[in-house]
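Notebook open, viewer open. I want to look up a few spots in this one and jot down what I find.

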Amino acid sequence: MKIYIGDNIKALRKRNKLTQKELAARCGVSDKLVCSWEVNRTEPKAAAVQKMLQIFDCTIEELCGQVMMNLSYNECMLI
């Protein structure tokens with residue numbers, strides 16, 4: 001079973017007792033975009049990933065897991 005970043009975002013958001021709206025505000029994006037991430041319709045940009053690492057106080061592996069392989073070299077360097 002492949003794990004998508006949206007599944008990890010949703011699990012970490014719930015573990016941290018945040019609503020989609022609260023996470024969106026802290027990331028500087030809309031709650032509709034957070035919803036889009038969580039249903040794996042879109043993936044967050046590197047800047048949003050970096051903010052979520054701080055918000056969730058987690059590692060890149062916990063947040064992205066297998067998805068890291070899909071990031072470009074420049075995106076990985078930003079993180």
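**Helix H3 and what follows**

I started with helix H3, residues 31-38, where Val-34, Ser-36, Trp-37 and Glu-38 come out as buried. I'm keeping in mind that this is a predicted model. A reminder to myself: an α-helix has 3.6 residues a turn, so residues three or four places apart point the same way.

Next I asked what covers the buried residues of H3. The cover includes helix H1 (5-15), helix H2 (20-27) and helix H4 (46-56).

Then I stepped just past the end of H3 and checked the backbone, where Asn-40 has a positive phi of about 60 degrees.

**Asn-8**

I went over to helix H1, which holds Asn-8. Is Asn-8 buried or exposed? I noted 15% relative accessibility, and because the cut-off for buried is under 20%, Asn-8 counts as buried. I followed its side chain too: the side chain of Asn-8 reaches the backbone oxygen of Leu-63, at 3.0 Å.

**Gly-65**

Last stop was the loop between helix H5 (60-64) and helix H6 (73-78), where Gly-65 sits. Gly-65 has 34% relative accessibility, so I put it down as partly exposed.

Methods
Residues are numbered from 1 along each chain as its sequence is written. This is a predicted model: local features need pLDDT of at least 70, side-chain atom pairs count only at pLDDT 80 or more; totals for chains, interfaces and linings use all residues. Side-chain values use heavy atoms; hydrogens and water are left out. Buried means under 20% relative accessible area, exposed over 50%, partly exposed in between (1.4 Å probe, protein chains only). Helices (H or I, at least four residues) and strands (E, at least two) are DSSP runs, numbered from the N terminus. Contact means heavy atoms within 4.5 Å. A polar contact is a pair of N or O atoms within 3.5 Å; within protein, one must be able to donate a hydrogen and the other to accept it, and residues adjacent in sequence count only if both atoms are side-chain atoms.
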